Amino acid sequence: MKNRYCRLCWVHLSAGHAWEGTTPKAVAALAGSGVKVGHHQLFFDRMAPRTGAGPAAGTPRRPRRTLPPETAWVQPDLLTPPARPRRRPPASPSLTAAIRVADGIAEAHGWSGEVRRRVRQGLAIALDGHREGEDVRWSRVLPPLRAGHLCAGHVAEVLRRTGVLHDDRRPAFDAWLDRKLDGVTGGIRHDVERWLRTLKDGGPRSRPRSIATVHSHLGKALPALLDWSARYHHLREVTREDIEASLRGLHGSHRHNALVALRSLFGFCVSAGAVFRDPARGIKVGRRPATAVLQPLDQDDIDDAVAAAVTPAARLIVALAGVHAARSSAVCALRLSDADPGSRRLLLGGQPRPLDDLTAHLLRAWLETRRTRWPGTANPHLLINTQTALGTGPVSRTWVNATLRGHAATIEALRVDRQLEEAMATGADPLHLAATFGLDPGTAVRYASSARQLLQTAAEQQDPARFPANPGAGSAA
């Protein structure tokens, strides 16, 4: 109260309403008529809210939907039989067979209900309008499947097993060849394409190589091929001097790899009858230059790698690389049957290893996580992820190496450090390294040589003043 009036009265006064002296006009009028006013509500006396706006409008009511007369409810005649509901058109025989195959794959691979639903929807799109005996063109089906995120890979697998898939897309290898050999003349390009396809697919007397080898060989030989295309029309015109000139500006491993690629190219051309003689024959490849001494990792880098492994799978990967010196490819290829924590044995790269306490503990933790998260998966590999749990393939090396990507102690660095530590602890014995880790004799000698130099350097750096010249005399005294 202020001067016997409340806050609302003073607000009424500040809003510009009429007052008689220090009393609101409405209160004075009631008092003049003989009515004793003890209190009143100013909002009922033509008073608006302080903002000057009216009361807040409520939520508008939704208009009632009026049904047309023909859809209104009527009492059906009890003597008239009810109309039969409209049934969905029956699925085509090809769709029914594809769904049956998809259900079998889902049971074998442990697909979730969502994956099954998406695969069925994708099969309905792929087999829409399909006629018996026709193939499904994958180039027509793939865009709508990708637009709807409908598991195109699983749909393709189902169609392939039913025998109706026709993958009419252009192979990625052909597009890569066209892009890389764009500036190579026609005669040289023809022989180079035959060489690369034989490397990729194999031939009557050669086994197929990995796609990484094919890419590497062409990358090393391409500068020479582009240079020769400006002067020659066929590889028969290339001489020994041309090959030596193309290698003159290369050194070390670059020269070694380029010469290996060119010898492979001309060796194939001779066997295929494309050239009469091998101009690269007699050019010495030489031995690879000696590499620097391998260095062990710092303890801080190892601790940082251990702290970065926060998931059960990441901890197991770090243990396999840091304790058992496993390559990322060997980690990917591990199967459930290779790891036996009960008998404390681990089959890594085809070689049995004793299972230590740390690795056995991490292995049990990962198996429990794997069983809890993917109870129905049929993947036989030890390490799986969200993608591979739906199939039977291994995880990728990229996924394995991503655990320590960006750290000084990577998966490869941990493997090298473990083998170097074993070499230093066993007196730099290459036979022991080869038997323990299954190393190539040359690789084992390299690790032993690095360990021997590190041990010699550590012995030279010791302070002789810390040790007495005659330990026996000191003890006698």
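Start by selecting His234, in the loop between α9 (211-229) and α10 (240-247). The model on screen is a predicted one. Is His234 buried or exposed? With a relative accessible area of 16%, His234 is buried, because the cut-off for buried is under 20%. Show the side chains of His234 and Asp191: they make a polar contact at 3.3 Å. Leaving aside residues up to four places away in sequence, His234 touches Gly187, Ile188, Asp191 and Ala274.

**Helices α8 and α11**

Next, select α8 (residues 186-201) and α11 (residues 253-272). Asp191, the polar partner of His234, is one of the α8 residues that meet α11. Two packed helices are described by the angle between their axes and the distance between the axes. Here the angle is about 100° and the axes are 10 Å apart. The two helices are therefore roughly perpendicular to each other, because angles of 65 to 115 degrees are classed that way.

Which residues meet at this crossing? From α8 come Asp191, Val192, Arg194, Trp195, Thr198 and Leu199. From α11 come Ala261, Ser264, Leu265, Phe268, Cys269 and Ala272.

Stay on α11 and colour its buried residues: His256, Ala258, Leu259, Ala261, Leu262, Leu265, Phe266, Phe268 and Cys269. These buried residues pack against α8, α9 and α10. An α-helix has 3.6 residues a turn, so residues three or four places apart point the same way.

To check the length of α11, take the distance between its end C-alpha atoms, which is 29 Å. Then step on to Gly273, which follows α11 and has a positive phi near 80°.

**Helix α13**

Move to α13 (residues 312-324). Its 13 residues should span 18 Å at 1.5 Å a residue, and the end C-alpha atoms lie 17 Å apart, which agrees. The buried residues of α13 are Ala313, Ala314, Leu316, Ile317, Val318, Ala319, Leu320, Ala321 and His324. Just after the helix, select Ala325, which takes a positive phi of about 55°. Most residues other than glycine have a negative phi.

**The sheet β5-β6-β7**

Now select β5 (339-340) and β7 (351-354), together with β6 (residues 345-348). The three strands form an open sheet in the order β5-β6-β7, with antiparallel pairing. β5 and β7 stand at the edges with a single partner strand each, so one side of each has no neighbour in the sheet.

Begin with the β5 and β6 pair, which is antiparallel and has two bridges. Asp340 has Arg345 in β6 as its bridge partner. The hairpin of these strands has four residues between them. Arg344 lies in the loop between β5 and β6 and is partly exposed, with a relative accessible area of 30%.

Go on to β6 and β7, which run antiparallel and are joined by four bridges. Leu346 stands opposite Arg353 in β7. This hairpin has two residues between its strands, and in the turn Gly349 has a positive phi of about 65°.

Which residues of β6 are on the covered face, and which on the uncovered one? Leu346 and Leu348 make up the covered face, whereas Arg345 and Leu347 make up the uncovered one.

**Two loop residues**

Select His149 in the loop between α5 (138-147) and α6 (152-162). His149 has a phi near 55°, a positive value in a residue other than glycine. At a relative accessible area of 58%, His149 is exposed.

Finish at Pro375, in the loop between α15 (357-373) and α16 (397-401). Pro375 counts as exposed, at 67% relative accessibility.

Methods: Residues numbered from 1 in each chain as written. Predicted model: local features only at pLDDT ≥ 70, side-chain atom pairs only at ≥ 80, totals over all residues. Heavy atoms only, no water. Pairing = 2+ DSSP bridges. Buried < 20%, exposed > 50% of the residue type's maximum accessible area, 1.4 Å probe, protein only. Expected span 1.5 Å × (residues − 1). Polar contact = N/O pair within 3.5 Å; in protein donor to acceptor, adjacent residues only side chain to side chain. Contact = heavy atoms within 4.5 Å. Axes fitted to C-alpha atoms, helices over the stretch in contact; angles between N-to-C directions. Parallel < 35°, antiparallel > 145°, perpendicular 65-115°, else oblique.
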